[in-house]
Amino acid sequence: MYNIMHKNRIIAEADETRITRIVEKDLCPACFCEGMDIEYWLKSRYIDVHRSHSRQLFKALRLKTDADLHDIISIGHGISITDNWWICRKEETDLDYRALKEYNEEIANIAFYGSPNKEYNIKGYTELGTTGSYEKTWRYINDHWYMFKQGNKAELVSEYFSFCFLKEMGQPVAEYNVMREKSALGLEQEFVISKDYTDNAKYDFEPFFNYFDDNEDYDYIIPRLEQLEKEYKCPNLVKKYVEMCFYDALLFNVDRHNQNAGFLRDSVTGKIIGLAPCYDYNLALAATKTPIFGKSGDLMSFFVKSDNCMEIIGSSDTQKKDTVKAAIDNAVKQTQSVFPNDNINYSVFSDYILNAYDYFRSALSKYPACSELLKNENEIK
């Protein structure tokens, strides 16, 4: 029998497989209901066992890689850095939530680098709640959590360039930096770091998955976001979502799914206060093996097919092509300063973004609300 917790409060109860009782609905994850399989929720909160270093992490935590759900709960307790939900057996009354989230540098190093066999202290955060397919870890530095993530050169450049571009365009985006260090062999290693945008779980990040399952269709999500806007009196959820999708298309971000987009919820009341900042652009632009020219690689061609998206972003669109060009130029300069020794052809980024933008603007003329905006712009010119 389990208690499902939010910080130090019991919000739901479960037997070995299913939720049996909802105690505090407002603080529960959105997907919770009596009878729900707890594995449905917990599986989305656990490390990808296909990551190379996860096997060594499991060994250090004295878990088998095929450990069942209950064994994993007993070690990781469903803890995640970006929210306050967790789970424990009813008899585990002496567990301290804060202690379960304390930084364990040894475990963080195993998750990020792998490690030779030895005995480890497994107290604190176990990294079992660090999801995603890339080698990554959370580190606690100067009173803040930072995500460290590995990748190849194309992925690192694409992630950092996308961050710089979005910031220049005034979009809410997670903060990224690039770090380097030398291995024991003297080889330089590069990786990106990103500051925890929940401010040490002052807010609860909740992924779209808990609201929309695996359905990523624009026209499925938009009306449900409209309902959430009314329910929580939280304006602009739809607008910010459509803008995120638009910029994903503009940056050829092929990896937006319902686990890497979501909401920020007030951790006291449980109310949605807005969309989380955009993040995870390591598979944008040059990082994908799909050519980013031509119909086979044009994500914008999918975006403009949604009447809902086009009318929402078109009626409020004030970004001129000159603004986009300036943002590209500044993003190139910033990225070049971080990767000064790499001969990168940034014109590939620029050409794709501007071509996708032109494609979008030409499609706007089909929509009455948007064509008036274009007419006014042309008159100003």
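Confidence in the protein is lowest in helix H14 (residues 368-380), with a mean of 56, and highest in strand E10 (residues 262-266), at 98. These values are pLDDT, the predictor's confidence in each residue, from 0 to 100. Over the protein the mean pLDDT is 89, and 91% of residues reach 70 or more. Where pLDDT is low, the predicted coordinates should not be read in detail. Helices (H or I, at least four residues) and strands (E, at least two) are DSSP runs, numbered from the N terminus.

This is a predicted model, in which local features need pLDDT of at least 70 and side-chain atom pairs count only at pLDDT 80 or more, while totals for chains, interfaces and linings use all residues. Residues are numbered from 1 along each chain as its sequence is written, and side-chain values use heavy atoms, with hydrogens and water left out.

**Pockets**

A pocket is an open set of points on a 1 Å grid over the protein atoms alone, where a 1.4 Å probe fits, with protein on both sides within 12 Å along at least five of seven lines; lining residues have an atom within 4 Å of a point. Grid points are joined across faces, edges and corners, and a volume is the space filled by probe spheres set on the points.

| Pocket | Volume |
|---|---|
| Largest pocket | about 860 Å³ |
| Second largest pocket | about 400 Å³ |

The largest pocket is lined by 38 residues, and Thr-131, Gly-132, Lys-136, Gln-259 and Tyr-279 are the closest to its centre. Strands E5 (136-141), E6 (144-149), E8 (188-195) and E9 (203-207) are the elements giving two or more residues to this lining; E8 gives the most, 4 residues. By class, the lining of the largest pocket has 14 nonpolar, 14 polar and 10 charged residues. Here Ala, Val, Leu, Ile, Met, Phe, Trp, Tyr, Cys and Pro count as nonpolar, Asp, Glu, Lys and Arg as charged, and the others, Gly among them, as polar.

In the second largest pocket, 22 residues form the lining, and Glu-216, Tyr-218, Tyr-241, Cys-245 and Arg-256 lie nearest its centre. H9 supplies the largest share of that lining, 5 residues. The lining divides into 11 nonpolar, 4 polar and 7 charged residues.

**Helices H8 and H9**

H8 (residues 218-232) and H9 (residues 237-250) pack at about 150 degrees, with axes 8 Å apart. Axes are lines fitted to C-alpha atoms, for helices over the stretch in contact, and angles run from 0 to 180 degrees between N-to-C directions. The two helices are therefore roughly antiparallel (an angle over 145 degrees). Residues in contact (heavy atoms within 4.5 Å) include Tyr-218 and Leu-225 of H8 and Tyr-241 and Cys-245 of H9. The contact has 10 nonpolar, no polar and 2 charged residues.

How values were computed:
Angles under 35 degrees count as roughly parallel, over 145 as roughly antiparallel, 65 to 115 as roughly perpendicular and the rest as oblique.
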